[in-house]
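Subject: Structure for you to look over

Dear colleague,

I am passing on the structure we spoke about, and below it you will find my notes on what came out of the analysis. Please read them with the coordinates open beside you.

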Amino acid sequence: MIKTVNIKPENFKELYFPTLAEITEVQQFTEKEKWYKLSLLDGSNLGHYPGQFVEVSIFGAGEAPISITSAPNSYGSFELCIREVGMFTEMIHKMKAGDKLGIRGPFGQGFDVNELYGKDILIIGGGIGIVPLRSLINYILDHRQDYGRLIITYGARNSKDLLFPEELELWQSNPDVEFHQTVDYGDESWKGNVGVITTLIPPLDLDLKNTIACITGPPIMYKFVLLTLQSKGLQDDNIYMSLERRMKCGVGKCGHCQINHSYVCQDGPVYHYPDLKLIREAI
Amino acid sequence: MKSKPRVAVFDFTGCEGCELNKLNFENHLLDILDHIDIVEWREAMDDQVAEYDIAFVEGSISTPDCVERIFDIRNRTKVLIALGACAVNGGMNAMKNKQSLDTVREIVYGEDKDLFPTLPALPLSSYVTVDYEVHGCPMTQKEFLQLLTSILAGKKPVKPDYAVCVECKLDENECVYGKGMICMGPITRAGCDALCPSFGQYCIGCRGLVPHPNKEAMINILIENGLSIDDAEKRMDLYNSNEKDVVLI
Amino acid sequence: MNGYYLSQENVKDFISHLMKKKTVYAPHAKADHSFVFEEVVDADNVILDYVRTLNSIKKYFMPSREVMLRYNLDDNSYSIEDVEPVKGIFLGVHSYDMQAVLRLDHSFSHGNPEKNYLTRRLDNIFIGTSFTPDNFHFSSSVNIQPHKTEGFDLFMHKTDRGYVLEEVTKTGSDLMKGFDQLTKFHGEYPNSEHFKSHLYAPQEKLSKVFEESYDNPVWHEIAQKCVGCGTCNLACPTCYCFDVEDHVDLSLQSGSRERRLDSCMLRGFTEVAGGEVFRDRLADRIRHRVYRKFKYISDSAGEPWCVGCGRCTIYCTAGISIVDIVNRLVSDYDKKQIVQDSDMIAAWD
């Protein structure tokens, strides 16, 4: 017998109706990445957690899942950082302040800021993976007394691909932040570390019991970062990571983001690593 | 009012059926002309101009003269759109690529073969950058209009990357294999709304293969349904002689 | 609840009686040898003795294509498409298709209760009919007998001379009011039919079998034969994955956002912007589909998500059978158990 939840029509949800948002600011970070500040036109607050995403909607073109990069705030604005990787994002890149987009969400499970309370936080961001992590970083900076050390490791392909240049400098100069960055390929202008992101981890002096690693990056990165963390002695229990999949509906229906039994748009994109290990297709 | 995009239409090696299909837009022709200016179109008018916003190009590239012209068109246009099977993947013309060019010339031109230089029949994209493609032999009006409206509205055109079977099932068609027909639907790129099977006919595969096709499996299906290996391969080649892509098992 | 004899001659009058109450949807002939559910216009055209319909009645609650939004590009205004309850009588539904609807109810109400599907599901009446299994039906293996009445309001048990009509719910009894060409039936309702196709394990065992089958070579073997056309998903009465596309009208001022049934067998299903495909191998897609039918949802819902209708097998041009796949997994699992058991015995010795 299938247990069907008996739901009254007044509780049926209009799941696919976007809310209009206006772009209030645009900044170009790299050749391919732009940062957008938006406000919902109905004056409401997005009300998200770090690590969640929204479905961005362009009428005539469709929808795409995009990570929220700003920390939760009460001013009613939020920020997205969008890489141009196809026609949809190319269209967003043509937009300017004053243009309007549809927004659905926020969706999914973000980083559990309560679970992280009091811990040392090790941020590991590869490439565009820094985008959702920036939300968490700024949340922690906004609630600095609630958390232990904030260690940020960030790797990009080369120095031209580094995102949030102004903030990187702030993190670098903030005595409350341990900031390490690297690029895969160096050039004359680059004075810092050269090498993949995993090279930043071994030298770190970590309180293993009290450190939580939060990882986001391209799919290829996870395997190597996990190996590095494990050889460092960090327990699986202390690892959270965010996955990329095709979250089309955002509400656990359309099936596109499903990996084994898990819908990334509902159970993720941020997973506790012990849960993720049970999902064979995940990494 | 914004000036309308200047549109030109060209043809290479092909039957010009796709172009004729365009002239047949009785119900929509005026709507289309609201949004564009057709500035050059050999089949419909005499004018010639220097530059265009959108060039629709039909036919495959199969002679040295074609090569020169397609580069010229590419240089004059902002957007280049390949229309129909021949332009998109070489189409039926590409069957000739399976034989030596000399043999082909001899069959067609006999003693005069040296007067007619020829090249393997290749899609436009083998020579120049193609911005958009409309598949099919001939292309369907619906898809052409969808592409045109998307581009004109500055939006992203949708191009199916799945098989004709999908559209057949969405339309609740009876599978023509049940009637003893041999259909290319399982491996042919959709977008035609399963036009032929919807009318009880089998799909001949005119829209080319889906990306990453399992060709071996399709050939097995054809053989299981009564074709010889030779006929199965010919059926596969009819519109797909240039297709090289394979599936990841 | 009462039961009645309904003779073959009276079936047409019964349908006409139903047509006075609500719109009736029932099986009709299509093309050469197929059946489809359609709105009944003439009771004469209804065929209650059918093998299976091409698509299930899912299409009334989750249309294969559906406009979700309409928008105006000039001013970014948009409106949602109104969804109305179907409010129909579904006549002649087989038990496996009813069970499929109950499973969809679960999927669409679980988590986020989706307005589009659930609204269409309101105020419908279901009249079942028993069926004679062909070579492809295997619903008894997933606990769905041809006479299973769950979900129905009335049930027509096929007999030699017509039907025994069983009232299942109060709604069903009310529907009978005003129809008097009936004589009371006393006795046991028929309840068994002979199946030719079987899964060799119940769901409790399948759950264990699938725990051990992730790395079975069968996925790779089937992938050699499969063209990945998606027919199995699209014909499946419990599949509901969908994609959404936008279309711009010829006016260039307006457009619509449309959803359409999708298939996890299609390569593009898991493709993200930038081109990464998360289930690029056909074998992985086949495994995902079969696991979705017997493991991923079933583990939490407690029932197989396959209803044994046989559509995915009969419509597969490559001749791939889900029954064969599952039975192969069961047999491989059993062999492994025997080996493990004998290893244990050997260890004892």
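**Chain C**

In chain C the mean positions of the 41 positive and 51 negative charges are 1 Å apart, where Lys and Arg count as positive and Asp and Glu as negative, with His and the chain ends not counted, and where the place of a charge is taken as NZ of Lys, CZ of Arg, CG of Asp or CD of Glu. Please bear in mind that this is a predicted model, in which local features need pLDDT of at least 70 and side-chain atom pairs count only at pLDDT 80 or more, while totals for chains, interfaces and linings use all residues. Residues are numbered from 1 along each chain as its sequence is written, chains are lettered from A and ligands numbered from 1 in the order in which they are written, and side-chain values use heavy atoms, with hydrogens and water left out.

Chain C contains 12 helices and 12 strands, these being DSSP runs numbered from the N terminus (H or I of at least four residues for helices, E of at least two for strands). Its C-alpha trace spans about 70 × 70 × 40 Å along the principal axes. Of its 349 residues, 62% are buried, a term that stands for under 20% relative accessible area, with exposed meaning over 50% and partly exposed in between (1.4 Å probe, protein chains only). Among the contacts of chain C with a separation of 6 or more, 72% join residues 24 or more positions apart, contact meaning heavy atoms within 4.5 Å.

Ser256(C) sits in strand 12 (residues 254-261) and is buried, at a relative accessible area of 8%; leaving aside neighbours within four places in sequence, Ser256(C) is in contact with Val67(C), Leu69(C), Arg70(C), Tyr71(C), Glu245(C), Asp246(C) and His247(C). Ala301(C), which belongs to helix 10 (residues 298-301), is also buried, with a relative accessible area of 11%, and its C-alpha atom is separated by 9.7 Å from that of Ser107(C), 194 residues apart along the chain.

**Helix 9 of chain B**

In chain B, helix 9 (residues 215-224) has Ala217(B), Met218(B), Ile219(B), Ile221(B) and Leu222(B) as its buried residues, and these pack against helix 10 (229-237) of chain B together with helix 7 (218-225) of chain C. Just after helix 9, Gly226(B) adopts a positive phi of about 115°.

Chain A has six helices and 15 strands. Its radius of gyration, taken over C-alpha atoms, is 19 Å, close to the 19 Å that the globule rule (2.2 Å times the number of residues to the power 0.38) gives for 283 residues, so chain A is as compact as a globular protein of that length. Buried residues account for 57% of those 283, and the C-alpha trace spans about 55 × 50 × 35 Å along its principal axes.

The contact between chain A and chain B takes seven residues from chain A and five residues from chain B. Together the two chains bury about 470 Å², 66% of it on carbon and sulfur atoms, buried area being the accessible area (1.4 Å probe) that two parts lose on being put together, summed over both. On the chain A side, Gly60(A), Met87(A) and Met91(A) lose the most area to chain B, together 69% of what that side buries.

With best regards
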